[in-house]
Amino acid sequence: VYTNRDFGSFHIAICAPFTEEPSYRFFYLAIFLWLLKNFRFRWIVAILLSSLVWTFGHTGSLNPEWMRFIQIFTYGLLLGWLFKRRGLEACIVSHLISNIVLTALHLHTEF
């Protein structure tokens, strides 16, 4: 659909945080928190579960798969913690900045 690979990559990188963060950090996290409402460590478990769901949605992009899984899962945990501390807007901004930087590195270096 895109006539320019760079434009398409940046478009996807910029749009993804506005759809993924409300879905994974807001929707899934809220569902897990509700399901675990009587559990003492519900925030920790909910962040772990939503990060796991987010990770499975992102694997398959790079090789080796296990390394990609660790990277995405760790970033998902950080975004979950950021959501708890600062809210959805902070997650969107963080995800947006990381996508732009990683897309630029991927397109313009031997990364």
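Reply:

**Leu96 and its helix**

Leu96 belongs to helix α4, which spans residues 88-108; helices here are DSSP runs of H or I with at least four residues, numbered from the N terminus. This is a predicted model, in which local features need pLDDT of at least 70, side-chain atom pairs count only at pLDDT 80 or more, and totals for chains, interfaces and linings use all residues. Residues are numbered from 1 along each chain as its sequence is written, and side-chain values use heavy atoms, with hydrogens and water left out.

Apart from neighbours within four places in sequence, Leu96 is in contact with Ala13, Ile14, Pro17 and Phe18, where contact means heavy atoms within 4.5 Å. By contrast, 24 Å separates the C-alpha atoms of Leu96 and Ile44, which are 52 residues apart along the chain.

Helix α1 covers residues 5-35, and its axis comes within 9 Å of that of α4, crossing at roughly 155 degrees. Axes are lines fitted to C-alpha atoms, for helices over the stretch in contact, and angles run from 0 to 180 degrees between N-to-C directions. The crossing angle makes α1 roughly antiparallel to α4, a label for angles over 145 degrees. The contact of α1 with α4 involves 15 nonpolar, five polar and five charged residues. Nonpolar covers Ala, Val, Leu, Ile, Met, Phe, Trp, Tyr, Cys and Pro; charged covers Asp, Glu, Lys and Arg; the others, Gly among them, are polar.

As for confidence, the protein chain has an average pLDDT of 86, and 90% of the residues score at least 70; pLDDT is the predictor's confidence in each residue, from 0 to 100.

Terms used. Helices (H or I, at least four residues) and strands (E, at least two) are DSSP runs, numbered from the N terminus. Angles under 35 degrees count as roughly parallel, over 145 as roughly antiparallel, 65 to 115 as roughly perpendicular and the rest as oblique.
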